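Please look over the sequence and the model first, and then follow the sections below.

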Amino acid sequence: MMTMTDLAHRTWRRRSTRKELALWLGWLLLVALFVFCWQVMTESTIWAFVTDAPRQAADIGSRMFPPRWEYIPALLEPLWDTLNIATLGTLLALFMAVPVAFMAARNTTPSTRFVRPVALLIIVASRSINSLIWALLLVAVIGPGVMAGIVAIALRSIGFVAKLLYEAIEEIDEAQVEAVAATGASKAQVMDYAVVPQILPAFAGITVFRWDINIRESTVLGLVGAGGLGLRLQESLNVLAWPQVTVIFILILITVLVSEWVSAKVRHAII
Amino acid sequence: MTDAGMTGATDYRGWTRPPFIKRPWLRWALYGGGLLYLVLAVASVEVNWVRVWEGLERGQRFIEGFLVPDFTSRWEDILQGMEESLTMSVTATVVGVLISIPIGIGAARNIAPLPIYAVCRAIVALSRSFQEIIVAILFVAMFGFGPFAGFLTLSFATIGFLAKLLAEDIEDIDEAQAEAVRATGAGWWQIVNYAIQPQVMPRLIGLSLYRLDINFRESAVIGIVGAGGIGATLNTAMDRYEYDSAAAILILIILIVMAAEYLSGYVRKWVQ
């Protein structure tokens, strides 16, 4: 039997001993994994370069300033190209993503067993490959230029837009669908009057959101030859023209901030 | 008998949907502007159709490569690239999470004083506004080629992502619990440890796993500028027109991303 002193000595603990041990074991495994990965990763690292890095950073920093502002006129055309890659790429993606989304959503798919898995596979494949890798492929296939960038952005965006859109479709209010169907509407009319109006705000929001991301990504697509600002960045890096690199970085930063501001404004107006 | 007022055109009162944008002048200005932009943009895209036509053969070879991927002839390189990518993502996620926890706490307005809040928010904004690939270029220039530069890049990107979401999470906590712990006379550390940490921990674990997934995907890209990992292998394969090896790498990336997504979904369900 427990005496009063025993009870008084019991202090509050968040977990039982067994749980605490399991937690420690989990942390231990995590640390072990980290150390192991660190060892493997740094096997080929040349530490002399790493210890030398602050000096290198200072050196590059001193080369980057002052920025070469006269370079800006030469950047206006690539900037226009970058905006076009992002915008046209997003539009192209929408055309392909909408049917994929309707095929992937449980409540609108023609067949859960055959069509839905295909649509989901398209979404996963498109999402797991970065637009820069798509661009790498497309530059090899259709040649360097803006076109490769547009298609790369489009292929990457399909998965993103379709995934968010099909989740929105699955969350619609079925009562409205039923109400429209009860008036004797055909399947197409049910789509048009019951499903589409419910997902339109989400659709517009997703589009603007993706457009914003695409602006970011299209600024660097030129690194692999797909046109836009990245092309000038690659050229300037190749000739070690650091003052020009600074100007490009600043321009990219401004573009990204403006597109983020626009997208936030538009999404705020819609939702 | 019909009502005298309801004859002629007023007899049929159709219903039309309200337009998406209500103000007519804004609607037409947006439509017109959009159309004008589209025409200008499409006109400025130069396409060399001869080159595209020639490239179709390559495209076909690439699709063939996808159907019959070649895992064997470059297996050593692929293995090394994957090893670098995976270890890089794990270490970068761990270090990034460790650094982003204090910054995330500092960037939460409800527990951090204003000066610290401003500094931490500035760090988050800095980390978020630069693309991984641009950061990678700079780090490669400073630290030399290889996975170490990639590790630094991914850690840097992780900080912005995780600290921002963690800060928003802390700002959204249930204040009643913090109040209750505070009422027992707890200090700032004890409030963080007993009132805030238990509330945000499940989401922090979920976000870390999600970031691990993103870091792996990014590690496939930053190799293109020399930061090690599978991206370097992929870039080389593409440069050498070895499309079947490139396809093998892409398939591996997709499979690992799918596995990671599935696994992290499972762990997140288990944690919550």
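Predicted model: local features only at pLDDT ≥ 70, side-chain atom pairs only at ≥ 80, totals over all residues.

Apart from its neighbours within four places in sequence, A:Leu138 is in contact with A:Ala148, A:Val151, A:Ala152 and A:Ala226.

## Where the chains meet

Chain A and chain B touch each other through 46 residues of chain A and 46 residues of chain B. On the side that belongs to chain A, the residues that touch chain B comprise 35 nonpolar, 10 polar and one charged.

## Domains of chain A

The domain assignment divides chain A into domain 1, covering 15-49, and domain 2, made up of 69-173 together with 199-270. Between the C-alpha centres of domain 1 and domain 2 of chain A there is a distance of 37 Å.

An unreviewed UniProt entry lists residues 79-263 of chain A under "domain: ABC transmembrane type-1". Over residues 79-263 of chain A, the model is 81% helix and 0% strand, with the end C-alpha atoms 18 Å apart.

## Listed transmembrane regions of chain B

For chain B, an unreviewed UniProt entry gives residues 25-45, 90-112, 133-162 and 246-267 as "transmembrane region". Over residues 246-267 the chain is 100% helix and 0% strand, and the end C-alpha atoms are 31 Å apart, whereas over residues 133-162 the chain is 90% helix and 0% strand, with end C-alpha atoms 18 Å apart.

## Helix H6 of chain B and B:Pro147

Helix H6 of chain B runs over residues 147-171, and because each of its 25 residues is taken at 1.5 Å, the helix should span 36 Å, which agrees with the 36 Å between its end C-alpha atoms. This helix is mostly covered, since 21 of its 25 residues are buried.

B:Pro147 lies in helix H6 of chain B. Is B:Pro147 buried or exposed? B:Pro147 has 29 other C-beta atoms within 10 Å, and because 20 or more are enough to count as buried, B:Pro147 is buried.

Leaving out its neighbours within four places in sequence, B:Pro147 is in contact with A:Met41 of chain A, and also with B:Glu84, B:Met88, B:Gly228 and B:Gly229 of chain B.

Technical notes: Residues numbered from 1 in each chain as written. Chains lettered and ligands numbered in written order. Contact = placed C-beta atoms within 7 Å. Nonpolar A, V, L, I, M, F, W, Y, C, P; charged D, E, K, R; others polar. UniProt positions renumbered as here; feature names shortened; annotations may be inferred. Helix = DSSP H or I, 4+ residues; strand = E, 2+ residues; numbered from the N terminus. Domains from an automatic or database assignment. Expected span 1.5 Å × (residues − 1). Buried ≥ 20, exposed ≤ 12 C-beta atoms within 10 Å, placed from the backbone.
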